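Student: I would like a close look at one part of this model, the pairing of charged side chains. Please start there and then walk me through what else stands out.

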Amino acid sequence: MKIAMYQMYNEGSIHDNLKKSLSAIEEAANHQADLILFPEVCLTEFFPQYKDKDVTHYALTLDSLIVKAYCQAAKEYHISVVPNIYLREDAACYDASLFIKFPTENPRAFRPWDECRLGI
């Protein structure tokens with residue numbers, strides 16, 4: 001398995017960062033990577049450094065257009081993708097790594113506490 005890791009500079013906008021991410025997926029696939037990993041909250045500024053900042057506008061759901069764009073890129077470029085986003089599930093928001101496994105298009109979210117439940 002060939003793994004690509006992409007470290008990126010925050011462009012200041014979710015959509016600009018998504019565009020960079022999608023280009024990175026294409027580049028990794030062109031270099032025959034099977035999997036690409038992205039940094040924590042790769043679409044936004046690293047907001048955990050700011051105490052008491054309201055970041056609810058960054059929250060995405062698994063059925064959002066942005067997550068669907070990652071799924072489509074995984075399918076198009078035949079690569080598994082692991083972006084880390086600020087995820088909203090029910091009433092809670094937290095950072096989560098999504099595992100978008102090619103050829104499936106359904107993302108699976110891994111939250112910080114999953115590690116304990118999965119016995120990892």
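Tutor: One salt bridge (a side-chain nitrogen of Lys or Arg within 4 Å of a carboxyl oxygen of Asp or Glu) is present in the structure. This is a predicted model, in which local features need pLDDT of at least 70, side-chain atom pairs count only at pLDDT 80 or more, and totals for chains, interfaces and linings use all residues. Residues are numbered from 1 along each chain as its sequence is written, and side-chain values use heavy atoms, with hydrogens and water left out.

The partners are Glu11 and Lys20, whose side chains meet at 3.0 Å, N to O. Side chains of opposite charge can pair when their charged atoms come close. Glu11 counts as partly exposed because its relative accessibility is 39% (buried is under 20%, exposed over 50%, partly exposed in between, with a 1.4 Å probe and protein chains only).

From charge, let us turn to nonpolar surface. Met1, Ile3 and Met5 make a nonpolar patch of about 420 Å² (residues with over 30% relative accessible area and no salt bridge, nonpolar side chains joined within 5 Å). Of this trio, Ile3 lies in strand E1, residues 3-5 (strands are DSSP runs of at least two residues, helices of at least four). Ile3 is partly exposed, since its relative accessibility is 46%.

Gln32, in the loop between helix H1 (14-30) and strand E2 (35-37), has a positive phi near 65° although it is not glycine. Gln32 is exposed, because its relative accessible area is 56%. His78 also has a positive phi in a residue other than glycine, near 55°, and sits in the loop between helix H2 (65-77) and strand E3 (80-82). With a relative accessible area of 52%, His78 is therefore exposed.

A search of the whole structure turns up one cavity of 30 Å³ or more (points on a 1 Å grid where a 1.4 Å probe fits but cannot get out; lining residues have an atom within 4 Å of a point). The largest cavity has a volume of about 50 Å³. Its lining includes Ile14, Val41, Cys42, Leu43, Thr44, Tyr58 and Leu60, along with Asn84, Ile85 and Tyr86. Strand E4 (residues 84-89) gives the most to this lining, with three residues. By type, the lining of the largest cavity has eight nonpolar residues, two polar and no charged.

Definitions and conventions. On a 1 Å grid over the protein atoms alone, a cavity is a set of points where a 1.4 Å probe fits but cannot get out, and a pocket is an open set with protein on both sides within 12 Å along at least five of seven lines; lining residues have an atom within 4 Å of a point. Grid points are joined across faces, edges and corners, and a volume is the space filled by probe spheres set on the points. Ala, Val, Leu, Ile, Met, Phe, Trp, Tyr, Cys and Pro count as nonpolar, Asp, Glu, Lys and Arg as charged, and the others, Gly among them, as polar. Patches are made of residues with over 30% relative accessible area and no salt bridge: like charges are joined within 9 Å, nonpolar side chains (Val, Leu, Ile, Met, Phe, Trp, Tyr) within 5 Å. Accessible areas come from the Shrake-Rupley method with a 1.4 Å probe; for residues, only the protein chains shown count as cover.
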